[in-house]
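Biologist: I am new to this structure. Please show it to me before I ask about it.

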Amino acid sequence: MSEKPHSFLLLGLLIVVFLFATWPYQFQHAWQSGYTYALTPVNIEAAPAMAAVASNESKPSTSLPINHELGTISSQPALSERIVNYHIQVSLNEEQRMLEGEEIFTWRNPGKKQVTDLYLHLYANAFQSSETTFMKESGGKLRSDQATANSEGYINLTSLETLEGENLLPRLKYVSPDDANEQDRTVATFRLIEPLAPGEEVTLRLKFEVKLPEVFARMGYFGDFIMAGQWFPKVAAYETAGTRNRAEEGWNVHQYHGNSEFYSNFGVYSVKIHVPEHYVVAATGMQTKVANLGQGRKVVHFYAEDVHDFAFALSPDFITHETSFSTESIPGVKIKLYVDPEHESLAERYLHAAKSALAYYGKHYGSYPYNTLSIVVPPRGASGAGGMEYPTLVTALAADEKSPGYELERTVVHEIGHQYWYGIVANNEFEEAWLDEAFTSYAEEKVMENAYGVTTNHRIEAVYLTDPAPLKLNAWEYKDHQHYAENVYMRGKLLLLDIEQIIGSDQMNRVMRSYFQAYRFKHPTTAQFQALLEQVTKQSWQDYFDRHVYSSETNDLAVTKIEARQKEEMNKQFYEYTILLQQNSAVNRNVPIELVYADGSIVRKAWQIGEEANVHFVERSEVPLLYIQLDPDQSNMLDTKLNNNFIRAELPEKERKSVAITTTSLLDALLRLLSW
């Protein structure tokens with residue numbers, strides 16, 4: 001044998017030994033893309049930047065070194081504009097309940113103008129004091145979640161510099177673009193060293209620390225449980241001309257408000273989370289690697305493409321369940337459940353709800369473009385972390401009830417619905433929240449009825465709407481959280497259901513699917529949804545949107561008068577009723593009318609609503625009419641004054657008015673009681 005074959009054998013043996021030794025660390029996964037689009041084959045070519053990151057993780061370290069080779073992060077086709085890419089390492093200091101992080105982000109100027117200043121969201125500063133905009137507007141309460149004496153927290157930038165080491169921290173200043181509140185530090189801005197030309201990138205390094213509040217408003221700690229939402233310095237959204245019908249490009253920046261949620265550009269996230277080795281970590285994206293650091297700690301690496309946020313949850317008590325799910329419209333998703341031990345027996349219900357939601361949304365709207373979905377169930381007492389959505393990660397209700405009803409499924413279905421409207425379509429939550437919340441509430445109802453046979457009493461919901469407001473308001477312009485929820489969630493959902501009643505379910509399915517397909521990863525507006533609705537239905541909806549979306553009009557239908565007469569013709573007795581109907585509808589529609597007679601018979605007629613506000617019609621019968629009920633099935637979803645849809649026929653005018661007023665008062669009181 002020559003020396004050359006010996007050399008090849010020796011080299012081959014070394015390669016085999018290396019692969020065998022490193023297999024437990026799963027380096028091979030560190031350079032694979034975690035995502036694949038529905039119809040695109042998985043490409044597993046190596047991505048140099050990720051391989052370089054993996055090579056540093058086998059060494060224990062108390063610092064958080066970040067790899068600086070910021071080359072191509074993924075070989076997968078981009079689904080979004082990917083304006084900003086993040087490399088973050090964060091370490092949990094469990095004793096002080098602090099997060100200590102280092103971040104490198106690369107931001108690309110997507111516009112046609114020079115950019116001289118960058119804006120950062122520092123959302124955790126919403127918990128800094130009682131004088132922040134969030135705390136003043138919310139009163140320290142979000143939904144039923146109340147801040148405690150320990151719910152103060154903050155985020156502090158300890159360094160901000162270029163990769164060459166030029167210090168930018170002295171340039172940083174806090175701004176309050178919405179209310180000029182000097183005590184609010186949720187938005188910061190700074191001047192770049194050099195203006196950034198169109199298409200150019202800037203890469204900056206920063207360090208930060210986060211003091212976690214006791215869990216409140218989706219953020220903080222509860223015992224050993226940690227929920228980290230809106231926890232890192234995040235570059236604000238930059239909109240090019242044409243985005244959301246914008247005339248001129250520029251930053252879209254808002255503070256953290258009592259009602260608002262969030263809006264950002266899409267990008268790529270590579271995040272390493274350093275925790276005690278007994279902690280279980282749930283996070284946005286795909287877990288690529290876990291490496292032991294020694295001294296009882298480990299680092300868990302997550303990677304996500306084409307998302308606009310990143311969140312994680314930690315607990316030493318999580319019990320994990322994992323299942324794969326696929327349908328014709330869902331090519332393959334790994335569903336991970338991180339459940340508190342108190343609800344571990346309910347694991348199958350959570351997973352079934354997730355599968356039901358994905359199956360329905362995939363079939364009716366479009367494919368889920370990620371291959372992972374995580375569900376976190378916070379422990380008892382941590383309800384402030386429950387019921388929230390992040391890209392590829394949702395939180396369910398906290399484990400406060402041992403035997404929850406359908407609110408368990410409803411919450412999971414709702415939050416997964418957000419993956420479509422908030423996560424993928426990604427409208428501006430600050431300025432047009434109804435495009436997410438109402439659409440998600442609408443979609444949630446469809447799944448609950450389809451999978452569980454659970455329906456909603458829309459009559460009660462309609463009567464509950466006592467203070468309608470325009471749907472296209474900035475989130476903080478509603479009077480309070482209840483006013484925000486009534487309109488953005490409930491009235492917006494009823495409006496979508498009303499449109500469905502008018503155009504039919506088949507056409508509404510085409511509208512919703514077309515909207516999702518046209519605007520995924522695009523940040524659409526109300527006007528763009530209206531335009532698509534008009535395109536599909538081939539009719540104008542301007543008057544309807546002017547009244548019910550851009551204004552606060554309801555759609556009141558009323559029986560305003562009924563006159564009874566007893567007549568005789570050809571020796572035959574009969575009754576004649578002259579009935580006056582009134583309406584303020586913005587579109588033509590058919591509304592059923594129900595006439596109930598003394599012999600128990602019921603006659604249904606159709607009222608073809610047109611442009612006339614008042615309509616008379618005459619009804620004759622041999623049997624006395626007891627009462628008339630307008631729209632008994634409530635096909636007109638935006639009618640919030642249901643007490644004038646009913647009137648008795650046999651009473652004298654004066655008595656009828658008295659009874660109607662009394663009945664209305666009792667009915668309103670009963671409906672309000674039931675609505676709680």
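Modeller: Some notes on the model come before the questions. This is a predicted model, in which local features need pLDDT of at least 70 and side-chain atom pairs count only at pLDDT 80 or more, while totals for chains, interfaces and linings use all residues. Residues are numbered from 1 along each chain as its sequence is written, and side-chain values use heavy atoms, with hydrogens and water left out.

Biologist: Is Asn 109 buried or exposed?

Modeller: Asn 109 lies in the loop between β2 (98–108) and β3 (115–121); strands are DSSP runs of E, at least two residues, numbered from the N terminus. Buried means under 20% relative accessible area, exposed over 50%, and partly exposed in between (1.4 Å probe, protein chains only). At a relative accessibility of 1%, Asn 109 is therefore buried.

Biologist: Which backbone oxygen lies 2.8 Å from a polar atom of the Asn 109 side chain?

Modeller: The side chain of Asn 109 reaches the backbone oxygen of Leu 196 at 3.1 Å. The backbone oxygen at 2.8 Å belongs to Lys 113.

Biologist: In β8, what is the bridge partner of Tyr 174?

Modeller: Strand β8 covers residues 187–196, and two bridges join β7 to β8, which run antiparallel. The partner of Tyr 174 in β8 is Ala 188.

Biologist: Which residue forms a salt bridge with Glu 444?

Modeller: A salt bridge is a side-chain nitrogen of Lys or Arg within 4 Å of a carboxyl oxygen of Asp or Glu, and the structure holds 32 of them. In this one, the closest N and O atoms are 2.4 Å apart, and the partner of Glu 444 is Arg 410.

Biologist: How many residues apart are Glu 500 and Lys 446?

Modeller: The side chains of Glu 500 and Lys 446 meet in a salt bridge of 2.8 Å, N to O. Glu 500 is in helix α9 (residues 481–503) and Lys 446 in helix α7, so the pair links distant parts of the chain, helices being DSSP runs of H or I, at least four residues. Both residues are buried.

How values were computed
Polar contact = N/O pair within 3.5 Å; in protein donor to acceptor, adjacent residues only side chain to side chain. Pairing = 2+ DSSP bridges.
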